[in-house]
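Trainee: I would like to learn how to read strand pairing and salt bridges in a model. Can we work through a case together?

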Amino acid sequence: MKGMLSLFALVFTGSLCAAELPALPSQQTHSSHRLFISSENDQRDFDTWKVDGGYSYNLFHNVDLYVGARLNNNEQENETGFLSGVSFQASPRISFSSTLHSYSNETDNERREKVISAEVSSRVRLTENLDLHATLDYQEWQQEVEFGLGFRF
C-alpha cells in the first residue's frame, strides 16, 4: 500500500507545472510616464542659462511625447514659456528631437507679442561622457544653427 501511494504521488506531481505570476505594480521597472529636466548655457552670453522641465510619455518603444516649461534668465531675450515636442531614440547612441516653444516677448514700448519657435536637434554619444550635438532653431525673425560638444559628469 505504501509503495502504491508513493508511486501515485510521484506520477501525479510529475504532471503538475507552475505558472509565473505577473509582477506587482511596485515591482515593475518600466513605466511610460517620466519627468525630465535639462539645462544649457547660451553660447552668446556668459551668464545666461535655459532650463527645460516637464512630463514625458512613451508612445512607442523609441518615441516619446513631452510637454513642459522653459525658464530663462536672459534680460534681452527672455524665452520663458511653454514647450511641447517629440523625441526619437534611434539607437542607444543616437537621438533626435523636435520642439515647439511658445513665449511672450516684451518690446521696447511695453507691448507683449506672442512668439512661437521650432527647434530640431540631434545628439550622438561619442563616448560614455562625450556627446556631439546639432540644433536648428527657427523663429519668425531669425534662424540659428548650432553645433557643439557636450561633456556629461
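Mentor: Start with pairing: two strands pair if DSSP finds at least two bridges between them. Strands (E, at least two residues) and helices (H or I, at least four residues) are DSSP runs, numbered from the N terminus. This is a predicted model, where local features need pLDDT of at least 70 and side-chain atom pairs count only at pLDDT 80 or more, while totals for chains, interfaces and linings use all residues. Residues are numbered from 1 along each chain as its sequence is written, and side-chain values use heavy atoms, leaving out hydrogens and water.

Trainee: What is the bridge partner of tyrosine 55 in β3?

Mentor: Valine 67. The two strands here are β2 (residues 49–58) and β3 (residues 63–72), antiparallel over nine bridges. Four residues form the hairpin that joins β2 to β3.

Trainee: How many bridges join β3 to strand β4?

Mentor: Eight, and the two run antiparallel; β4 spans residues 81–89. Within that pairing, leucine 65 has valine 86 as its bridge partner in β4.

Trainee: Now the charges. What is the general idea?

Mentor: Side chains of opposite charge can pair when their charged atoms come close. The cut-off for a salt bridge: a side-chain nitrogen of Lys or Arg within 4 Å of a carboxyl oxygen of Asp or Glu. This structure holds three.

Trainee: Which residue forms a salt bridge with aspartate 64?

Mentor: Arginine 34, with the closest N and O atoms 3.6 Å apart. Aspartate 64 lies in β3 and arginine 34 in β1 (residues 33–41), so the pair ties together parts 30 residues apart in sequence.

Trainee: Is aspartate 64 buried or exposed?

Mentor: Buried means under 20% relative accessible area, exposed over 50%, partly exposed in between (1.4 Å probe, protein chains only). Aspartate 64 has 11%, so it is buried. Arginine 34 has 39%, so it counts as partly exposed.

Trainee: Which side chain meets aspartate 52 in a salt bridge?

Mentor: That of arginine 70, at 2.8 Å from N to O. The pair links β2, with aspartate 52, to β3, with arginine 70, 18 residues apart. Aspartate 52 is buried at 12%. Arginine 70 is buried at 5%.

Trainee: And the pair of aspartate 131 and arginine 123: how far apart are the closest N and O atoms?

Mentor: 3.5 Å. Aspartate 131 is buried at 4%, while arginine 123 is partly exposed at 36%.
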